[in-house]
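Hi,

Here is the structure I promised to pass on. Have a look, and then read my notes below.

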Amino acid sequence: MILTTLEIILLSILAFCLLVQLYYVLFVHLKLANTAIEEIPALARKPISVIVCARNEIANLDQFLPTLMTQNYPGFEVVVVNDRSWDGTEEFLEQKAKKYSNLKVVKILDNDKFLAGKKFAVTMGIKASKYDWLVFTDADCVPSSENWLMDMQQSENEETEIILGYSPYSKKRGLLNALIRFETFFTAVNYLSFALKGMPYMGVGRNMAYKKALFFKNKGFAAHMHIPSGDDDLFVNAHANKYNTEIRLHQDSHVWSEPNRTWVAYLKQKKRHFGAGKLYKSKHKFILSLQIIVQFLFYGFFAGCLFLSRDAQYIAGGILLLSIIIRSFIYPKLLKRLNCGDLRWWFPILDILLFLFLTFNGFLGLFSKKKVSWK
């Protein structure tokens with residue numbers, strides 16, 4: 001077997017990309033796969049305020065609000081912020097407030113003097129809350145069980161100020177749904193794994209918790225109020241550390257959400273997230289960018305090796321096969337643990353599709369215009 005200098009260089013780069021890729025797999029994600037799932041506490045420690053922001057969500061509130069109001073937790077309130085809805089949400093919440101004594105409704109009116117958005121709605125909900133421990137979710141979300149709050153309650157460790165949960169999307173038919181669920185899974189594997197390693201960098205507002213005191217001590221969202229997204233991940237990115245952050249993995253603490261049904265809606269959602277990521281701490285942007293760049297180079301150089309000699313093609317194929325085999329021992333377990341077990345047979349294909357989608361979305365993000373909107 002005699003390889004040309006060009007072939008040696010290309011294969012060496014491909015092998016290097018594999019090594020970097022395996023760092024994330026074996027030294028980051030494997031930690032999450034091997035972490036024991038915590039037992040849900042049997043008793044409540046402190047009261048909880050659940051914050052939900054709603055803008056024209058009457059259908060979702062009608063379907064999911066009862067699940068929030070009937071949680072197996074002795075002392076909690078649900079604060080629903082009605083952000084300028086015109087679909088009957090106001091009247092609906094007024095009726096529900098008569099039924100549930102622990103439901104508090106906050107109403108935001110149209111006002112040209114400020115640019116309203118989800119961060120403003122979240123802030124109003126926090127200000128109206130009674131308790132110091134805040135649990136967040138969205139109006140289109142439903143907890144997996146009545147023990148959700150029991151698992152998301154304040155930790156026994158007094159240093160803990162932030163808890164990161166997991167929120168999968170409901171299973172539907174079609175490629176778009178599979179891609180959305182896989183992308184959500186991969187994002188969760190990343191932020192939960194890095195939190196376990198002592199480097200928390202984000203959370204999702206559909207299922208997370210933190211102390212009200214932490215919010216006001218750091219002036220809320222003041223540092224990034226100028227962009228529409230980031231009420232969850234940017235807040236965590238700025239204030240989470242290895243001492244004050246925990247994660248929750250128990251199936252009962254998962255919060256299910258309704259996925260986008262069209263490609264256009266999904267692209268719009270990802271554009272908002274792309275804008276928030278630009279404001280992450282430098283070290284977090286580096287580890288995430290390196291991960292994406294290496295993945296891009298890995299598939300790109302593999303494709304390039306297909307135009308080389310037969311020997312070079314065999315070596316490149318072996319490198320790709322090694323990558324798939326190693327990941328096949330880890331990701332199926334994680335997919336099952338994070339409620340995506342049906343995708344485990346498709347993950348190599350979905351991994352490539354996700355890479356292509358993220359590349360395309362990142363390209364579009366370079367040309368996207370700022371828009372202060374969350375609904």
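Is Lys171 buried or exposed? Lys171 is exposed, with a relative accessible area of 55% (exposed means over 50%, buried under 20%, partly exposed in between, using a 1.4 Å probe and protein chains only).

Before going on: this is a predicted model, where local features need pLDDT of at least 70 and side-chain atom pairs count only at pLDDT 80 or more, while totals for chains, interfaces and linings use all residues. Residues are numbered from 1 along each chain as its sequence is written, and side-chain values use heavy atoms, with hydrogens and water left out.

Now the salt bridges (a side-chain nitrogen of Lys or Arg within 4 Å of a carboxyl oxygen of Asp or Glu). The structure has 14 of them. In one, Lys171 pairs with Asp342 at 3.7 Å, N to O. Lys171 sits in the loop between β6 and α6, and Asp342 in the loop between α12 and α13, so this pair ties together parts 171 residues apart in sequence. (Helices are DSSP runs of H or I with at least four residues, strands are E runs of at least two, and both are numbered from the N terminus.)

Asp342 is partly exposed, at 31% relative accessible area. Asp342 also meets Arg181 in a salt bridge, at 2.6 Å, N to O. That pair is 161 residues apart, with Arg181 in helix α6. Arg181 counts as buried, at 4% relative accessibility.

Elsewhere, Lys118 and Asp138 form a salt bridge at 2.9 Å, N to O. Lys118 belongs to helix α4 and Asp138 to strand β4, and both residues are buried. Together with Asp231, they are linked in a network of salt bridges.

Cheers
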